[in-house]
Amino acid sequence: RNFTADQFSGVAQDEIEDARPWCEILRQWATFHPEFAFLPRKFKIAICGSKRDRAAVAFHDIGLEIIKDAQGETAFKVFVGGGLGRTPVIGALIHDCLPKEHVMSYLDAILRVYNQLGRRDNKYKARIKILVKAMGAEAFKQKVEEEWAHIKDGPMTLTQEAIDHAFTFFQPPAYEAIDAAAAQSALDDQRLTDPRFAAWLSHNVVAHKQPGYAIVNVSLKETGFAPGDITAEQMEAVAELSEQYGFGELRSTHEQNLVLPDIRKTDLFAVWQKLDALRLATPVIGTLNDMICCPGGDYCALANAKSIPVAEAIQRRFDDLDYLYDLGEIELNISGCMNACGHHHIGHIGILGVDKKGQEFYQVSLGGSQSNDAAIGKILGPSFAQDEVPEVISKLLETYVANRTEEERFLDTYRRIGIEPFKERVYA
Ligand code: SF4
């Protein structure tokens, strides 16, 4: 599959280095590469270039985290064997500071070991995560190092010229010189004129590395619409906005929203008005209602249960913005079967559709995380009927609110008090 990166690559304020040129270098390496033609199963690589991991690197076959070494040179942490689906695994760190010039040869060595030793007799056991788990991360790393020793300083060693060339494809656009202080003060005035704009500004707009600019999340999470859905007319209109107010660029996120990466702060009010008219400005990014939801039984032949009606029932139940904002950052992810396209394992709250004697039921898990503190959620207990799910979520939230300390996110409280208080409240 293609390489993925942080949706804010190149514009994020917390960026260490732009991940996109590295994706491009590795795309060129992988395209028509014989090792890729011989893989036992699909293969996914993600690269994160920011302090906060927004690319879920621990849940890819190979995850790369860009760091700076002791000399300030670009290097990579290399994770291998992560994934979701029926066997969720957190990737193992097998190199904590790989010099940038060796990234191709090191990944090549990983693929060689996987191709040599990965299972091909059973498609459910053929992913690299199964191999790494079976061998143990240390033994896998050892094999990779042995293979790497043969190719380490060969033709796959990247020259600075080759790296610089990849960066030429991702030059910053022609940003205008904006009086950032004046733009900010105008924005502060506009914020006071309309509380809805103020809410959108606080939740859907992200700081940009270029003074005077902002990153806009286009929310696809209006209650009553399937999370992540957008109509052709809305899409045309957003494309036009990207040209009128940006540099013609739109990005999609695995949280099922879109991103306008380069909006002048002076245009934010106008952009909000247009997105609001398009119903694409629901100010819920990062909250419970910004959920990830797979198509589930409404559209997917593999589903055990429907996902979209569950998402909608939760969104309707918690449609009070003040309550959502008080709850703070919560990730809720829903999948209609164990294939986990809705990433339920790594939601702070995960919901999985299961088949119980031909009936659609839902299993709830807690404590997953897709970020730097990667974790796989723990199952709460016996599953629930569809109409029980919103009440279950409500009880989980009440438990959190009753136990949280100031500034503690749902996930932090869960980690501190464990699953038992949540269990007791839900199954009381
Ligand atoms: S998780 Fe299952 S139901 Fe949902 S889209 Fe994937 S395969 Fe289909």
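Domain 1 and domain 3 bury about 1,100 Å² between them, and 61% of this area lies on carbon and sulfur atoms. On the side of domain 1, the residues that lose the most area to domain 3 are Arg52, Phe59 and Leu84, which together account for 38% of what that side buries. The size of an interface is often given as the accessible area lost when the parts come together.

The model is a predicted one. The domain assignment of the chain gives domain 1 as residues 4-168, domain 2 as 180-277 and domain 3 as 292-427. The C-alpha centres of domain 1 and domain 3 are 30 Å apart. In terms of residues, 12 from domain 1 are in contact with 15 from domain 3.

Polar interactions also cross this interface. Five residue pairs are in polar contact between domain 1 and domain 3, with both residues at pLDDT 80 or more. By class, the side of domain 1 that touches domain 3 comprises seven nonpolar residues, one polar residue and four charged residues. One salt bridge is found across the interface of domain 1 and domain 3. The side chains of Arg52 and Glu329 meet in a salt bridge, with an N to O distance of 3.6 Å. Arg52 is also among the three residues of domain 1 that lose the most area to domain 3.

The second topic is aromatic pairing. The structure holds 17 aromatic pairs.

Are Trp29 and Phe36 buried, partly exposed or exposed? Trp29 has a relative accessibility of 9% and so counts as buried, since the cut-off for buried is under 20%. Phe36 has a relative accessible area of 22% and is therefore partly exposed.

Note on methods. Residues numbered from 1 in each chain as written. Predicted model: local features only at pLDDT ≥ 70, side-chain atom pairs only at ≥ 80, totals over all residues. Heavy atoms only, no water. Domains from an automatic or database assignment. Contact = heavy atoms within 4.5 Å. Buried area = accessible area lost by both parts, 1.4 Å probe. Salt bridge = Lys/Arg side-chain N within 4 Å of Asp/Glu carboxyl O. Polar contact = N/O pair within 3.5 Å; in protein donor to acceptor, adjacent residues only side chain to side chain. Nonpolar A, V, L, I, M, F, W, Y, C, P; charged D, E, K, R; others polar. Phe/Tyr/Trp six-rings, centres within 6.5 Å; stacked < 30°, edge-to-face > 60°. Buried < 20%, exposed > 50% of the residue type's maximum accessible area, 1.4 Å probe, protein only.
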